[in-house]
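I'm going to look up a few spots and jot down what turns up.

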Amino acid sequence: MTKRTMILAMSMLAFGSAMAADPATINWAKIPAKKIQLFYPGQSSYEWLRSDAHKGAAKETARGDSCTSCHDASDEEVLQGRKILKGGHPLEPTAIAGKKNGNVDLHVQAAYDKKNAYLRFQWKTQNPYAGTEHQYLRFDGKEWKVWGYPKLDKVVQEGKQPGIYEDRMSIMIDDGKVAGFAKQGCWLTCHDGQRDMPKQFTKEEVAANPLLTAIKKGDVRKYLPDSRTDPSDWKTGKSVEEIAKLKAEGKFVDLIQWRAHRSYPVGMADDGYVLEFRLADAGKDMFGGNADSKTHQPKFMWDEKKVGFKSIRADSQARKGDLFLVREQNAVPFDPNADWKEGDMIPDYIVSREDAKGSAADNNAIANWNAGMWTVVIVRPLGLTNADDKMLKEGGVYNVGFATHDDNITTRGHFVSYVKTLGIGARTKADIKAVKLP
Amino acid sequence: MIRRLYSPGLVIILAAAVSMPLTATAQVDAAAAEKIFKENDCHKCHHETKAKKGPSLKKISAKYKEKKLDEKEAIKHMTSGKKVKLDDGTEEDHKIIDTKDVNVQTSVAKWMLSH
């Protein structure tokens, strides 16, 4: 399938009659754009910010001062990102080859109607191509093994694996119920011990941890301070009952991620939340692993009749375009008896709009990459009542944090914003004001 | 050593300033001084008008005028790392600027006191 037909198919899928406005036909030129500065935060965790290494600011941060009470120069984010990435900074121990800029200009526009909020984002990518590729399963003559890793991973740093990871646009949303989020934003969720952070967890520590074993997790990801008895120690998780209570009180943040490989091809953005972990909403995501947990073989391969091939190879021309494995569009069950050769590759994730279900399937999105820039419109229904969603409604003002992952990277390798406010037809002032559509 | 501390461009700007007419010197110096001020994180505690953790530049300059202090006093503050008292009564070592070049220190001090 060519790039163009893929996009066409996608927009038809996503925007049938169910939706109020078609985000592709909204006149965005009439809606004011706000430039939000994002910067590379490195390992500036909750714990680092409260330590003496955050010189002259530990006490102020611990007592809950807003980050921008000090970090308020007009070009603050540019200065900070540059400083952290210039080499030798204690917040970034890994030299990421080719990372040129420490900051990203994110242009944000917002609109709403009776049914939805429409959030439009534009930013320039570092590479002269869209980061729509994600890891593959590669046949090594005997077995299918993961090929392609995010750039902060050791195997990529050592040149043993290519750096491959999808681009992302993420939003964190608080409705005022999470203590401190209005002042310190996303940094409340970022902690030592997490993946790619200082004192990263060990498998043994996770296996011995009551909370993580109770929720069946094998690593440490974003969490809110309230979910721990000592917010600076991920090991001190509260009981599942206490956490359920916090959730019922709305003391969690929504986390929406638009993913250039795992949600873009089916016109969606994922829907998750952060409380004791970074969790997916109830139901089923639009993507899932394509490796069989027992045999490690792929579950699906491309439908040769539709795509022209069952698999690709590292040097395939096809890699220059958008390559997705979409269950209802171009996939068939894997054939273990086909004549597989060493170096054959199949995507490690299978994407499906039809299989996405429940609260995890709330968010739609359209996107395109043109001349070095992503344009993404996320469509979020108003009035959601799911237990794992922040309900957006007319008259509301929300605390939001933005992040982009660019250049084949995950975890801390993103560009982030200080906390901003998003108003949906609210009278009070907000950094970003959603315009009511006719 | 200078190369380690400043971008080469900045060194040229500062050097060139010496041979420029007075008004131009002041302007070029101001931009360069502000850049050094920011690169040293001084702005995170000293806002132009607002009290942050440290006094605002307006307040510092007013105090210096009143007490007839000059940039030499300001330089002492940015180079000696002496204890400063915070609003809650605790003490902290003051930040030391990352250059030993007196000309650069002087331009930063002058720029601060020009508010």
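This is a predicted model: local features need pLDDT of at least 70, side-chain atom pairs count only at pLDDT 80 or more; totals for chains, interfaces and linings use all residues.

Entry 1, the interface. I looked up the area buried between chain B and chain A, and it comes to about 1,000 Å². Carbon and sulfur atoms give 39% of that. On the chain B side, Lys38(B), Lys44(B) and Lys53(B) lose the most area to chain A, together 45% of what that side buries.

I then checked who touches whom: 12 residues of chain B are in contact with 14 residues of chain A. How many salt bridges does the rule find across this interface? I got 5. One I looked up joins Asp41(B) to Lys83(A), with the closest N and O atoms 2.5 Å apart. By class, the chain B side that touches chain A has 8 charged, 3 polar and 1 nonpolar residues.

I found Asn290(A) in the loop between β10 and β11 of chain A. Is Asn290(A) buried or exposed? Its relative accessibility is 0%, so I put it down as buried, the cut-off being under 20%. Polar atoms of its side chain lie 2.9 Å from the backbone nitrogen of Phe300(A) and 2.9 Å from the backbone oxygen of Pro347(A).

I followed β15(A) into β16(A): they form a hairpin with 2 residues between them. Ala371(A), in the turn, has a positive phi of about 45°. The two strands pair in the antiparallel sense over 7 bridges, and I spotted Trp369(A) opposite Trp374(A). In β15(A), 5 of the 7 residues are buried.

Note on methods:
Residues are numbered from 1 along each chain as its sequence is written. Chains are lettered from A and ligands numbered from 1 in the order in which they are written. Side-chain values use heavy atoms; hydrogens and water are left out. Helices (H or I, at least four residues) and strands (E, at least two) are DSSP runs, numbered from the N terminus. Buried means under 20% relative accessible area, exposed over 50%, partly exposed in between (1.4 Å probe, protein chains only). A polar contact is a pair of N or O atoms within 3.5 Å; within protein, one must be able to donate a hydrogen and the other to accept it, and residues adjacent in sequence count only if both atoms are side-chain atoms. Two strands pair if DSSP finds at least two bridges between them. Contact means heavy atoms within 4.5 Å. Buried area is the accessible area (1.4 Å probe) that two parts lose on being put together, summed over both. A salt bridge is a side-chain nitrogen of Lys or Arg within 4 Å of a carboxyl oxygen of Asp or Glu. Ala, Val, Leu, Ile, Met, Phe, Trp, Tyr, Cys and Pro count as nonpolar, Asp, Glu, Lys and Arg as charged, and the others, Gly among them, as polar.
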